[in-house]
Amino acid sequence: MNNYTQSYYALLDGVLGEGGLQGFVDRFNDQYNVLNTDGFTWARDMLIDFKYSQIEAITNVAVLPDIVDKESRGTMLRTEGFEEKTGTIPRFAKGARFNEKILREQLIMMKRMEKIDGRMKEAIFNLMYDNTDKLLKGFNNILTHQRDQIVSTGVMEFKKEFFPSSALVGTKISFGVKNIDANKTESRWWKTATHTVANEGTASDPIGDLIKIRKTMERTNPDGYFEMSKSLWDDFITHSKVLSMIGLVKNPNFGKDAESAAMYGASVLEPEIKRIVEQRIGARIAIRNTKSGVLTPDEDTRDLVESLKDNFDPKNVAYLPFGKLGEIQASEPIVMGDPAAKIATSMEGRLQLLMTFNERQRNQTIDAELTALVVPSQARRMAVQTVTA
């Protein structure tokens, strides 16, 4: 009698314990129940199909009331109602596999000892813990990535640098976010990717640009705030014209001596610089510092190389309304009812984890799947601008 399958299951079931796969996954909920998707929360209901719906209330500026005589009524406010856009929600998947090579050593020990001892159970538990940890982190990261890509670029573009092997590379999902014309050549804060004083555009004016963005958005978003990546912020506070402004605010005696003012500004601590900049531009600046781990094929070594990339486009600044920006819409996962499969969910039922066994290939696999998209509902009050190379 071949009880190889039972051995595999016995080994993993002993690790999962009485709670099974769901109980094992639930251990991570407290660790990962807070998404880094500021302004976007889960839509209340899951979707049956794969269509997202972007419904945005279209409002106009508040206008003065009419002056009328006692018998007349005022004119009606011009209301434009709602605008709806629909599209397809992308599906994201990742898996962890426990193959024969990984488990055979434990199986041999189990057969010799006729039991699963503490060290064996701990070894498999740590293996499952690490892989489940990485799976759940990855799915939280894809939602954070969507949020910061949409906020910083106005679209959800599946870029090759983040999704090197995806069939969706180059696909863009547009939401109607205002895209202010990018700074060109000498008006760019820096003309190359090397952000040094020597590479500053001669006509660059970072403070002036932020003020212009705020004023441009006053009709639809009179009381918003800025977001930029930490890498751009770190360079922004070294820009000679920003430092000159800081130096002149702290010591007006510098007058037209911009170079001396900049040298003085460089000695001011970052929290004070941020406070002065926010007062000057008339808006708060929030700094985003989220990154995604990406595996990219290396043509020379023929291996996968891991790297961290900014989710928030480091060349852009965004202007946003306070409060809710939209929802995370997700399709409800389908359960096929395989009696041999173990199923667990996370993200309040939206992320499905499926554990299956393939006796022919001698492996145990945990597949995780999420069909979700971050969808703005305040697109008309959001804006982005490319300010540097």
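Salt bridges come to a count of 17 here, in what is a predicted model. Here's a quick tour of a few of them, beginning with a residue that has two partners. Asp313 pairs up with Lys159 and also with Lys315.

**Around Asp313**
- The side chains of Asp313 and Lys159 meet with an N to O distance of 3.8 Å.
- Asp313 sits in the loop between strand 11 (303-310) and strand 12 (316-321), while Lys159 sits in the loop between strand 5 (155-157) and strand 6 (172-174), so this pair ties together parts that are 154 residues apart in sequence.
- Lys315 is partly exposed, having a relative accessible area of 34%.

**The Arg44 and Asp45 pair**
- Arg44 makes a salt bridge with Asp45, and their closest N and O atoms are 3.7 Å apart.
- Arg44 is exposed, with 75% relative accessible area, whereas Asp45 counts as partly exposed at 49%.

**A linked group**
- Some salt bridges join up into a network, made of Asp38, Arg147, Asp148, Glu227 and Arg288.

Methods. Residues numbered from 1 in each chain as written. Predicted model: local features only at pLDDT ≥ 70, side-chain atom pairs only at ≥ 80, totals over all residues. Heavy atoms only, no water. Salt bridge = Lys/Arg side-chain N within 4 Å of Asp/Glu carboxyl O. Buried < 20%, exposed > 50% of the residue type's maximum accessible area, 1.4 Å probe, protein only. Helix = DSSP H or I, 4+ residues; strand = E, 2+ residues; numbered from the N terminus.
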